[in-house]
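Subject: Structure handover and notes

Hello,

Here is the structure we talked about handing over.

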Amino acid sequence: MLAELYQRHQAAFDRYQSLLLKWNEKINLTAITSPNEIAERHFQDSLALIPALQAWGDSENVSRETFSEGLSLLDLGAGGGFPGIPLKIAMPSWKVTLVDSVKKKCDFMKEVVRSLALSDVEIRHQALEPNQPLGPFDLVITRAAFSLTKFLELGALHLNPSGRMVAYKGMEIEAEIKEAEETRLRHQLSPFKSYIYRLPVSKAQRQLIMTQSLS
């Protein structure tokens, strides 16, 4: 599934990769510089949210279209644009907002959006504060930017009443989940669900930790 999604939009991802490597010579965007590893560990990994949302909808007997057409997404700590921009490439109807506190990274993301002619993408250069709502959004996500507790603290106030939060994580996060339980309850979020997947080439295992607003 991830490889197929990637290949369907490979021309856009090739252009994105070229810009990433060019800008990475000037600013620290990624430690991964092998083209094949960028394709798998950044682009295809980012796309894992799409089958995860489909599986989530299926498990709750909700139409898949609910999670695809016109969805509003907020990516916190977007850095080099992962996962928000790869998701936008694959799901052009999504409305995507990317936030990062580093101006040079925001400048890079703006260049990618311009180069790929992506519409309905907003990039915000700002520090995240727990009391500054940006939304509401259908979906708030993060990848390798925050602990689960910090993500809930920063992200919950941006959700619409039925909005969902998803954190991209590795496999050894039991302590993180336990630590985040009090925060989850305080923000009236549903019990955590885990969507486990493997990257297509390295077979490395990853998971998405998902929760939903109950307010």
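What follows is a list of findings, grouped by region.

Please keep in mind that this is a predicted model.

Helix packing around α2

Helix α2 covers residues 10–24 and helix α6 covers residues 103–115. The two pack with their axes 10 Å apart, at an angle of about 150 degrees. Angles over 145 degrees count as roughly antiparallel, so that is how α2 runs relative to α6. The crossing of α2 past α6 is right-handed. On the α2 side the contact uses R15, Y16, L19, L20 and W23, and these meet K104, D107, F108, E111, V112 and S115 of α6.

Helix α3, residues 35–46, also packs on α2: the axes come within 11 Å and cross at roughly 110 degrees. The two helices are therefore roughly perpendicular to each other. Here α2 contributes F13, Y16, Q17, L20 and L21, while α3 contributes P35, I38, A39, H42 and F43.

Aromatic residues

How many aromatic pairs does the structure hold? The count is nine. In one of them, Y16 and F108, the ring centres are 6.3 Å apart and the planes stand at 35 degrees, so the pair is tilted. Another pair, Y195 with Y197, is stacked, at 6.2 Å centre to centre and 25 degrees between the planes. Y197 is buried as well, at 7% relative accessibility.

Y16 and F108 are also members of an aromatic cluster, together with Y6, F13, W23, F43 and F82.

Two arginines sit over aromatic rings. R164 lies over the face of W56, 4.0 Å from the ring centre. R184 has its charged end over the ring of F192, at 5.9 Å from the centre.

Helices α7 and α8

Helix α7 spans residues 148–155 and helix α8 spans residues 174–186; their axes come within 8 Å and cross at roughly 20 degrees. The cut-off for roughly parallel is under 35 degrees, and α7 and α8 are therefore described that way. α7 passes α8 in a right-handed crossing. The α7 residues in the contact are L148, T149, L152 and E153, and those of α8 are E176, I177, E179, A180, T183, R184 and R186.

A180 is a residue of α8. Is A180 buried or exposed? It is buried, with a relative accessibility of 0%. Leaving out residues up to four places away in sequence, A180 touches L148, T149, L152 and F192. Between A180 and L152 the C-alpha to C-alpha distance is 7.9 Å, for a separation of 28 residues in sequence.

Two strand residues

T97 is in strand β2, residues 95–100. T97 is buried, at 6% relative accessible area. Beyond its neighbours within four places in sequence, T97 is in contact with L73, L74, D75, E122, R124 and F137.

Q205 is in strand β7, residues 205–212. Q205 is partly exposed, with a relative accessible area of 32%. Apart from residues up to four places away, Q205 touches M171, I196, Y197 and R198. Q205 and K169 are 36 residues apart in sequence, and their C-alpha atoms are 9.8 Å apart.

Backbone points to check

- F82 and P83 are joined by a cis peptide bond, with omega about 5 degrees; P83 is in the loop between β1 (72–76) and α5 (84–90).
- The bond from G135 to P136 is also cis, with omega near 10 degrees; P136 is in the loop between β3 (121–125) and β4 (137–143).
- A117 is a residue other than glycine with a positive phi, near 55 degrees. A117 is in the loop between α6 and β3 and is exposed, at 65% relative accessibility.
- D120 has a positive phi near 55 degrees and is likewise not a glycine. D120 is in the loop between α6 and β3 and is partly exposed, with a relative accessible area of 47%.

Regards

How values were computed: Residues are numbered from 1 along each chain as its sequence is written. This is a predicted model: local features need pLDDT of at least 70, side-chain atom pairs count only at pLDDT 80 or more; totals for chains, interfaces and linings use all residues. Side-chain values use heavy atoms; hydrogens and water are left out. Rings of Phe, Tyr and Trp (its six-membered ring) pair if their centres lie within 6.5 Å; planes under 30 degrees apart count as stacked, over 60 as edge-to-face and the rest as tilted. Helices (H or I, at least four residues) and strands (E, at least two) are DSSP runs, numbered from the N terminus. Buried means under 20% relative accessible area, exposed over 50%, partly exposed in between (1.4 Å probe, protein chains only). A charge sits over a ring if NZ of Lys or CZ of Arg is within 6 Å of the ring centre and within 35 degrees of the ring normal. Axes are lines fitted to C-alpha atoms, for helices over the stretch in contact, and angles run from 0 to 180 degrees between N-to-C directions. Angles under 35 degrees count as roughly parallel, over 145 as roughly antiparallel, 65 to 115 as roughly perpendicular and the rest as oblique. A crossing is left-handed if the near helix is turned anticlockwise from the far one by less than a right angle, and right-handed if clockwise. Contact means heavy atoms within 4.5 Å.
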